[in-house]
Amino acid sequence: DATALEKLAADTGALAVPTDLASPVSVRRLVEQTLGAFGRLDVAVNLGDGIPLAMAYEIPPMRRAGRGRVVNLAATAEARKQSREAALACASTGVSVNAVVPGPHVAAVMVRLCSIT
């Protein structure tokens, strides 16, 4: 719901960018608007079938900055494999990529992974 998203963004100081995670144009716009609003992209949380496309646009600006955290909610073996491949490719860049399997305490794990400095 766009109205609820805008209200949440206003209440939290976040940026609301409705995004179609299956559309490269839409995902690129999300990353570009984030960079335009905040000057950098520190953390990205991805889920579902959109993981590879999202990482394709999120990781390059993080690599240029020499830092960043990507946490993927990876329910499938394929998503975990894609996350592992991205993690290996980013190993010496200052960007970490992790996959978290959905479960009872997943929120706490994701918050911890996003906040590691």
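**A tour from the strands to the pocket**

Select asparagine 72 first: its bridge partner is alanine 99 in β3. You are looking at a predicted model, where local features need pLDDT of at least 70, side-chain atom pairs count only at pLDDT 80 or more, and totals for chains, interfaces and linings use all residues. Residues are numbered from 1 along each chain as its sequence is written, and side-chain values use heavy atoms, without hydrogens or water.

Next, show β2 and β3 (residues 95–100), which pair in the parallel sense over 6 bridges. Strands are DSSP runs of E, at least two residues; helices are runs of H or I, at least four, and both are numbered from the N terminus. Pairing takes at least two DSSP bridges between two strands.

Now colour β2 (residues 68–73) by burial. Of its 6 residues, 5 are buried, that is, under 20% relative accessible area with a 1.4 Å probe, protein chains only.

Move to β1. It runs parallel to β2, joined by 5 bridges. Select valine 43, which stands opposite arginine 69 in β2.

Last stop: the lining of the largest pocket. α2 (24–38), β1 (43–47) and α3 (51–65) each supply at least two residues to this lining.

Definitions and conventions:
Buried < 20%, exposed > 50% of the residue type's maximum accessible area, 1.4 Å probe, protein only.
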